[in-house]
Amino acid sequence: MKKISLLVLVLTFGLFISCKEDKTQPETTKTVAETAKKVKLKLESKSGSNTTGNAVFTEEDGKVKFTAMISGLEPGKHAIHIHEKADCSSDDGKSTGGHWNPTGQPHGKWGSKEGFHKGDIGNLEADANGHATIMLITDEWCIGCGDKNKDVLGKAIIVHSGTDDFTTQPTGDAGGRISCGGIIE
């Protein structure tokens with residue numbers, strides 16, 4: 001009789017623990033989904049180019065991951081920056097304003113000790129077919145947090161015809177604006 005009682009007690013305890021684990025699993029999944037933020041945008045051609053693409057900003061645990069896939073580029077290096085305004089209405093992309101630089105730093109390579117704009121993403125390399133991909137993960141940006149020094153909402157992604165030299169002020173001598181996408185919810 002003691003063996004049966006002990007067996008029933010062990011089975012009841014095991015059932016209680018497994019049910020408890022099942023109940024917590026959806027909560028964990030829900031919490032992760034609620035804390036992740038994502039903004040997707042299309043990059044439209046500008047300045048008579050055929051350059052288009054898609055970009056995604058995803059924020060989770062205080063870090064933003066930026067990924068862009070571009071096509072229609074001339075083979076080689078092209079600058080990609082975040083500009084001040086999400087206004088891609090002009091044919092030349094200049095309606096976006098200058099590089100996003102809320103902290104008043106000199107133009108430079110991302111992470112440079114000498115300084116860099118928050119929008120100085122850098123260069124991407126287009127292959128022989130005109131395709132390029134770039135990815136960056138940073139805690140220097142946020143999505144919709146309201147911090148004027150970090151919030152990428154209301155800005156634009158610009159792809160340039162030339163290469164960013166990381167030196168020339170204030171633009172890196174990157175050339176014309178050949179693709180544009182507003183970062184909006």
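Counting bonded cysteines along the chain, the disulfides pair up as 1-4, 2-3. The model behind this is a predicted one, so local features are kept only at pLDDT of at least 70 and side-chain atom pairs only at pLDDT 80 or more, while totals for chains, interfaces and linings use all residues. Numbering runs from 1 along each chain as its sequence is written, and side-chain values rest on heavy atoms, with hydrogens and water left out.

With a disulfide taken as a pair of cysteine sulfur atoms within 2.5 Å, the tally is 2. One of them joins Cys88 to Cys180, with an S to S distance of 1.9 Å. The torsion about that S-S bond is -70°, and the link of Cys88 and Cys180 is left-handed. Cys88 sits in the loop between strand 4 (76-83) and strand 5 (122-126) and Cys180 in strand 8, so this bond ties together parts that lie 92 residues apart in sequence. Strands here are DSSP runs of E, at least two residues, numbered from the N terminus. Both Cys88 and Cys180 are buried, where buried means under 20% relative accessible area, exposed over 50%, and partly exposed in between (1.4 Å probe, protein chains only).

The other bond is between Cys142 and Cys145, with the sulfur atoms 1.8 Å apart. Its S-S torsion is about -45°, so the Cys142 and Cys145 disulfide is left-handed too.

On to the rings. Phe, Tyr and Trp rings (the six-membered one for Trp) are called a pair if their centres lie within 6.5 Å; planes under 30 degrees apart are stacked, over 60 edge-to-face, and the rest tilted. That rule gives 5 aromatic pairs. Among them is Phe66 with Trp141, an edge-to-face case at 6.2 Å centre to centre and 80° between the planes. This pair links distant parts of the chain, 75 residues apart: Phe66 belongs to strand 3 (residues 63-71), and Trp141 to the loop between strand 6 (132-138) and strand 7. Phe66 and Trp141 are both buried. Ring pairs also join Phe57, Phe66, Trp110, Phe116 and Trp141 into a cluster. Elsewhere, the charged end of Lys109 sits over the ring of Phe166, 5.6 Å from its centre; the call needs NZ of Lys or CZ of Arg within 6 Å of the ring centre and within 35 degrees of the ring normal.

Gln169 and Pro170 are joined by a cis peptide bond, omega about -5°. Pro170 is in the loop between strand 7 (155-160) and strand 8 (177-183), and Asp173 is found in the loop between strand 7 and strand 8 as well. Asp173 is not a glycine, yet its phi is positive, near 50°; at 54% relative accessibility, Asp173 counts as exposed. Ser47, another non-glycine, has a positive phi of about 55°. Ser47 lies in the loop between strand 1 (37-45) and strand 2 (52-60) and, at 43% relative accessibility, counts as partly exposed.

Technical notes:
Helix = DSSP H or I, 4+ residues; strand = E, 2+ residues; numbered from the N terminus.
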